[in-house]
Amino acid sequence: MYSAFLDLYRKLNIPLKGNHYSYGKSDLFAIIIAFRYLLSGKQVLAFKEDFQRISIDFAKQSTEEKKYKLLSAMGIPENWFNSI
């Protein structure tokens, strides 16, 4: 399973800081990655759709800077919607 995580990190182009990836280790994104492997495809899709809808609603009411800060604080790369 560890290999699958590494493949996903590479697919998302998550940058390395030294020998460790910047996102997806001890943040909300790590939980999202775990969902991908622990939940059924239908459950993952439902979560992704709900989270994306909430994120889009927030983005519409916020500046790009606030959107970036929120995603960054949660450890979520900007391109995650296309890859999970």
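Residues are termed buried under 20% relative accessible area, exposed over 50% and partly exposed in between (1.4 Å probe, protein chains only). The structure is a predicted model, in which local features need pLDDT of at least 70 and side-chain atom pairs count only at pLDDT 80 or more, while totals for chains, interfaces and linings use all residues. Residues are numbered from 1 along each chain as its sequence is written, and side-chain values use heavy atoms, with hydrogens and water left out.

**View 1. Confidence along the chain.** The chain has an average pLDDT (the predictor's confidence in each residue, from 0 to 100) of 79, and 83% of the residues score at least 70. Among the elements of the chain, the lowest mean pLDDT, 68, belongs to α1, and the highest, 89, to α3. Helices are DSSP runs (H or I, at least four residues), as are strands (E, at least two), numbered from the N terminus. Where pLDDT is low, the predicted coordinates should not be read in detail.

View 2. Helix α2 spans residues 28–38, and F29, A30, I32 and I33 are buried in it. Seen down the axis of α2, these buried residues fall within an arc of 160° (taken from the directions from the helix axis to the C-beta atoms), so they line one face of the helix.

**View 3. The largest nonpolar core.** This core, a set of buried Ala, Val, Leu, Ile, Met, Phe, Trp, Tyr and Cys residues joined through side-chain atoms within 4.5 Å, has 13 residues. Those with the most contacts inside the core are Y9, I14, F29 and I76. Two or more residues are given to this core by each of α1 (2–11), α2 and α4 (64–74).

View 4. Rings of Phe, Tyr and Trp (its six-membered ring) pair if their centres lie within 6.5 Å; planes under 30 degrees apart count as stacked, over 60 as edge-to-face and the rest as tilted. The structure holds two aromatic pairs. F35 and F47 form an edge-to-face pair, at 5.2 Å centre to centre and 85° between the planes. This pair links F35 in helix α2 with F47 in helix α3 (residues 41–60), twelve residues apart. The ring centres of F47 and F51 are 5.8 Å apart and the planes are at 20°, so this pair is stacked. F47 and F51 both lie in helix α3, four residues apart. F35 is partly exposed because its relative accessibility is 28%, whereas F51, at 13%, counts as buried.
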